[in-house]
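Here is a short briefing for a reader new to this structure. Look over the sequence and the model, then read on.

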Amino acid sequence: QVQLVESGGGLVQPGGSLRLSCTASGSIFRIETMGWYRQAAGEQRELVAVVPRGGNADYVDSVKGRFTISRDSAKNTVYLQMNSLKPEDTAVYYCNVRIIPRGALLDYPYWGQGTQVIVSS
């Protein structure tokens, strides 16, 4: 079994910063792509940032220059550093990690439980 646990959301004023974390644990052979999605109220879930194993990060245009995704392979953790936050960044943020479980041949997508980010004065 594989679990993802997120942390780091909260309430922040416009222009502020937050850092989200997502740690994978359990029966893991290898972690492939790690990413963050978000879903605002009444909206569809959208991809925010993604970083493949050994590859370059990519971002949705609306967060480029403000958000930074990084991963720590030793800790099985992906981070999302969010700076210069805007009210339109308000959403529930979910990590999504593609993992090859021990004994498996393919990778599967796993989701975190979601963490609320509210940007408001």
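Buried means under 20% relative accessible area, and exposed means over 50%, with partly exposed in between. By that rule, both Asp89 and Arg38 are buried. This is a predicted model. The points below cover the core, the strands, the salt bridges and the surface.

**The nonpolar core**

- In soluble globular proteins, nonpolar side chains tend to be buried together.
- The largest nonpolar core here has 28 residues.
- Trp36, Phe67, Leu80, Met82, Tyr93 and Ile99 have the most contacts inside this core.
- Eight strands are named as suppliers of at least two core residues each: β1 (2-7), β3, β4, β5, β7, β8, β9 and β11 (115-119).
- Strand β9 gives the largest share of the core, with 5 residues.
- Met82 also reaches beyond its sequence neighbours. Leaving aside residues within four places in sequence, Met82 is in contact with Gly16, Ser17, Leu18, Leu20, Arg66, Phe67, Tyr93 and Val117.

**Strand β8 and its partners**

- Strand β3 (residues 18-26) runs antiparallel to β8, and 6 bridges join the two.
- Leu20 stands opposite Leu80 of β8.
- Strand β7 (residues 67-72) also pairs with β8 in the antiparallel sense, over 6 bridges.
- Ser70 faces Tyr79 of β8, standing opposite that residue.
- A hairpin is formed by β7 and β8, with 4 residues between them. In the turn, Asn76 has a positive phi of about 55°.

- Strands β9 and β10 pair in the antiparallel sense, with 4 bridges.
- The bridge partner of Asn96 in β10 is Trp111.
- These two strands, β9 and β10, form a hairpin with 6 residues between them. Gly103 in its turn has a positive phi of about 90°.
- Gln116 belongs to strand β11. Its relative accessibility is 38%, so Gln116 counts as partly exposed.
- Gln116 and Thr90 are 26 residues apart along the chain, and their C-alpha atoms are separated by 7.8 Å.
- Not counting residues up to four places away in sequence, Gln116 touches Gly9, Gly10, Thr90, Ala91 and Val92.

**Salt bridges**

- Side chains of opposite charge can pair when their charged atoms come close.
- The cut-off is a side-chain nitrogen of Lys or Arg within 4 Å of a carboxyl oxygen of Asp or Glu. By this rule the count comes to 7 salt bridges.
- Arg53 forms a salt bridge with Glu32, with the closest N and O atoms 3.2 Å apart. Arg53 lies in the loop between β5 (46-51) and β6 (58-59), and Glu32 lies in strand β4 (residues 28-39), so the pair ties together parts that are 21 residues apart in sequence.
- The two partners differ in cover. Arg53 is partly exposed because its relative accessible area is 45%. Glu32 counts as buried because its relative accessibility is 15%.
- Asp89 and Arg38 meet through their side chains in a salt bridge of 3.0 Å, N to O. This pair links distant parts of the chain, 51 residues apart: Asp89 is in the loop between β8 and β9, and Arg38 is in strand β4.
- Arg38 and Asp89 also belong to a network of salt bridges that links them with Glu46 and Arg66.
- The side chains of Lys64 and Asp61 meet in a salt bridge as well, at 3.0 Å, N to O. Lys64 is partly exposed, with a relative accessible area of 45%. Asp61 is exposed, at 61%.

**The surface patch**

- Which residues form a nonpolar patch on the surface? Leu105, Leu106 and Tyr108 do, with about 380 Å² of accessible area together.
- Leu105 sits in the loop between β9 (91-101) and β10 (108-111).
- Leu105 counts as exposed because its relative accessibility is 82%.

Methods
Residues numbered from 1 in each chain as written. Predicted model: local features only at pLDDT ≥ 70, side-chain atom pairs only at ≥ 80, totals over all residues. Heavy atoms only, no water. Patch = residues over 30% accessible without salt bridge, like charges linked within 9 Å, V, L, I, M, F, W, Y side chains within 5 Å. Areas by Shrake-Rupley, 256 points an atom, 1.4 Å probe, with all protein chains shown as cover. Buried < 20%, exposed > 50% of the residue type's maximum accessible area, 1.4 Å probe, protein only. Pairing = 2+ DSSP bridges. Core = buried A, V, L, I, M, F, W, Y, C linked by side-chain atoms within 4.5 Å. Contact = heavy atoms within 4.5 Å.
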